[in-house]
Amino acid sequence: MEKKSYTYGSKLAGMILHLFFTVILTIAVYLLASLISKNILQVTDIGTDDFFNSGYYTKCMEQKCSELTDYLHLLQKGNKRSAEDDKRYLQYTNEFKREDTNFCYWYKQNGVWYTNQPDSVEGQEFDTQTVLMEAKTMGDYLIYDMEKKEFGTDIRGMENYFFDSYNNQMYLPLENVVLVIGVDTDLTAKDDLYDAEMEYVRLHPWIKVSIVAALVSLMGWVLSLVYLTLATGHRDGEEGVHLNFVDRIKTEIVTAVFIAATSELIMLLSHVNNKTWNVSGLLVASGTVSLLIDVLFLIFYLSMVRRMKAEVMWENSLACWFVKGMDKFFEKRTVTVSVLVVFAVHMIVCFVLAMGAFYYHRVICLVLLLIFSGMEAYLLLRSAVEHYQVYEGVEKITEGVLSNKIDTEGLHGEDKKLAEAINNIGSGLLHAVDDSTKNERMKADLITNVSHDIKTPLTSIINYVNLIKLEHIDNERVNGYIRILDAKSQRLKQLTEDLVETSRITSGNVKLDMQKIDLVELIYQTAGEFNEKFEAKELTIVTKLPKTEVMILADGRQLYRVIENLYNNVAKYALEKTRVYVDVHVLEEKVTFSIKNVSERSLALENSNAGDLTERFIRGDASRTTEGSGLGLSIAKSLTQLMGGIFFIGVDGDLFKASITFPMYRETIDTDE
């Protein structure tokens, strides 16, 4: 995809359009706000241009009625008026008593009529219906007659004003109150209603213009800002993000200057709004201030965008400079000194800012205290997350996933160094395990290949020895040689079979047929097969077996092989004319078979322990003068573990003990509730 090109002219045009839309949007909003404050802009007035059908006219009439109420109250007070009341009374007299007015009223209370008609005499009597007809001929009228319980008006919204107003003392439901109001809708007199109508006609058309201008300018403002966001930092013919001198100023300094300058301009804008301006002056002032605010906003916002695009927001900040400086400072310090220094700095900064905020009442100190606390909270949370990330990596390595690597991209400081060290340890362990596995595989392959290569000539040797034995040779020396050849070849055959079996177990090629087996019966069967060998060495078997069956889950063939190897080990290495102890006991759902004997030779292996006896080619006879291959116990241990059991070897002087432990098998009976 071809890279989008942003020319200098297009970006300049985008900035000018953005500033233009900002000014238009501000002017439109302030114009609408001004119309709202003057009660000219109401939802019901958007579709009408008639002043007398507008909500603005209703508000004017409500204001006139409210002032009339206050005036009539002051009029009835007479000499009891205060100085402030007299001031308001004179003002209202000038408003309601003048001849040139479009607002006429007739008010009756306690039989006394009050009116602002120029040809009337004080105390003159009027007929209510005659007055009402005169009011109707003027254009708009209102009658509030509590003598006849009559109310009527053609002025929109006045019903709500009369009956919903709770602080209007004049219109209490008195029996002797009559009020008639007439409004000259031709506005022949140039009074305040005439001025209101002229203002409405002059400003009302700007409602639609302001709404359309606000919507269009808002859309243009957003689109131009999006374009500037995409275009900033890119230049024709240059790769990467271009940064200017503003972008090289520390992030916090730029932010602080922007916030301070913008705050001052916003306060200036609020002062402009509070001043008594005419509409045109207000729009010019608000547009000028908003232009300055938008210039500052573009400088700050586009600088932040370029920093994020170039990924230098953090690197070009005071916080980063401070953190790097602290890292260098603490790099060769002990952990205790580092913690104490950090705590001291934290206390000093918090104390100074708290004093400035709460004792000297400086808002900027409170803001800095909140920012400082937020930075500390962020660093603590980040450190906790990084610690947990390293911990997860270590957990996976301890579970055996040596190929797992901790992602160091988002780590910092000591956590990053620790993660890199753990990754190196994991790689070293993985290589060591691979080498060990490879060596074991090579050993197993070598044993298997050598064993198979030996079996072919060995089979021929055994066959020829058997053929020689069939010949009747009278020479005793030759017969002795034949017996030795027969014994040694059989031993070699057993050794090769053990080697193949060991290789097969090591490579995991043993398939188990797990079934429930009576361990006691299997031991009786195995012991019977070794009676002749034990009697030949005059060994006495001391057996302690349960009288009831003891069931375990195992492969019968392989379990027999394990027990046979243990008995065979006793037959080979037990001291003549000694006792052999065979025991089976059940403890906490565990079944343990053990066999103990006194060894013919010392079992104190040089530089080894009892566990070494289960390693391949290890024998208790270090001189290797006996006929054992050193594989029997290793095979027994491997088979036991494959079946889920525990194999144990113990040596106490010349006393040798071997045991296997399996979980007791229990029948599970499914019952339907």
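Guide: The open sheet has five strands, in the order S2-S1-S5-S3-S4, with antiparallel pairing. Here strands are DSSP runs of E with at least two residues, helices are runs of H or I with at least four, and both are numbered from the N terminus. Two strands pair if DSSP finds at least two bridges between them. Strand S2 (112-115) and strand S4 (150-153) stand at the edges. Each has a single partner strand, so one side of each is left without a neighbour in the sheet. From one strand to the next, the twist averages 10 degrees.

A word on the source. This is a predicted model, where local features need pLDDT of at least 70, side-chain atom pairs count only at pLDDT 80 or more, and totals for chains, interfaces and linings use all residues. Residues are numbered from 1 along each chain as its sequence is written, and side-chain values use heavy atoms, with hydrogens and water left out.

Strand S9 (residues 579-587) and strand S10 (residues 590-598) run antiparallel, joined by eight bridges. Histidine 585 stands opposite threonine 592 in S10. The hairpin of S9 and S10 has two residues between the strands, and glutamate 588 takes a positive phi near 50 degrees there. S10 also pairs with strand S12 (residues 655-663), antiparallel again, over nine bridges. Phenylalanine 593 has isoleucine 660 in S12 as its bridge partner.

Now the helices. The axes of helix H17 (residues 556-573) and helix H18 (residues 632-642) come within 9 Å and cross at roughly 150 degrees. Axes are lines fitted to C-alpha atoms, for helices over the stretch in contact, and angles run from 0 to 180 degrees between N-to-C directions. That makes H17 roughly antiparallel to H18 (over 145 degrees). The contact (heavy atoms within 4.5 Å) includes Arg561 and Leu566 of H17, and Leu633 and Ala636 of H18.

Last, one lysine. Lysine 64 is found in helix H2 (residues 55-77). Lysine 64 is buried, with a relative accessible area of 4% (buried means under 20%, with a 1.4 Å probe and protein chains only). Not counting residues up to four places away in sequence, lysine 64 touches Glu95, Phe96, Phe103 and Asp192.

Key. Parallel < 35°, antiparallel > 145°, perpendicular 65-115°, else oblique. Buried < 20%, exposed > 50% of the residue type's maximum accessible area, 1.4 Å probe, protein only.
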